[in-house]
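Dear colleague,

I am handing over a structure with this email, and I would be grateful if you kept it open beside the notes that come after it.

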Amino acid sequence: MEVSVECQKRPEGSKPGALRRSGLIPAVLYGHKGTESVSLTLPAKAAETLLKKATVNNTLVQVAIPDISWNGKALLREVQTHPWKRNQVYHLSFFSVASQDSLEVTVPLHFMGQAAGIKLGGILDPVITEIQVQCAPGDIPESIDVDVSNLEIGDSLHVRDLVLPQGITPMLEPETTIVIVGGYAGGQEASEEASA
């Protein structure tokens, strides 16, 4: 999914609080021309729209900065929000991927099917719901499918069992457990109570 945002260069000496009061969100672009960082602002509405479509460390964003004639792909690296008003954005950080051959990104796991063990009273217990992977900037998957339909009670899937798209390398150990089918959720106790 293509996500884009237009930013302006932040005026020298401007205060973040004053910017926010005037409807602008402070932001920064890291990795511009290698190691440079650029201080930016974007309208609060644009930031809200962006966050409905983009996920931290997962979504490539087409960032345009007309003031310095720069346009390129960046990863949304960090979103700072108000301590208790979670929907109030304070600051955004982008990381330019223009010169990157590969990136480390976080991808959600999408569990598919119903585990066979659930029909026998087991319970599906995901140990992790997202995974850190390395891939080219243009190959970031929106999610990784995990088929759990063959899991019986006591079975588990590990990172080594994942079927990953070509060019995607997991950053976790192959033995890391992803999901387990635990035994008899409430079934054992219920049968004991019935016989008591």
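Predicted model: local features only at pLDDT ≥ 70, side-chain atom pairs only at ≥ 80, totals over all residues.

Residues are numbered from 1 along each chain as its sequence is written, and side-chain values use heavy atoms, with hydrogens and water left out.

The sheet is an open one of three strands in the order β9-β14-β12, with antiparallel pairing; strands here are DSSP runs of E with at least two residues, numbered from the N terminus, and two of them pair if DSSP finds at least two bridges between them. Because β9 (123–126) and β12 stand at the edges with a single partner strand each, one side of each is left without a neighbour in the sheet. From one strand to the next the twist averages 10 degrees, where axes are lines fitted to C-alpha atoms and angles run from 0 to 180 degrees between N-to-C directions. β9 and β14 (residues 177–182) run antiparallel and are joined by four bridges, and isoleucine 123 has glycine 182 in β14 as its bridge partner.

Not counting residues up to four places away in sequence, histidine 158 touches Pro174, Glu175, Thr176, Thr177 and Ile178, contact being heavy atoms within 4.5 Å. Serine 156, also in β12, is partly exposed with a relative accessible area of 27%. Its C-alpha atom is separated by 6.9 Å from that of threonine 177, which is 21 residues apart from it along the chain.

- Histidine 91 lies in strand β7 (residues 89–96), and it counts as buried at 16% relative accessibility; among the residues it touches beyond four places in sequence are Arg10, Glu78 and Gln80.
- Serine 143 is found in the loop between β10 (130–135) and β11 (144–147), counts as partly exposed at 33% relative accessibility, and is in contact with Val107, Pro108 and His110 once neighbours within four places in sequence are left aside.

With kind regards

Notes:
Buried < 20%, exposed > 50% of the residue type's maximum accessible area, 1.4 Å probe, protein only.
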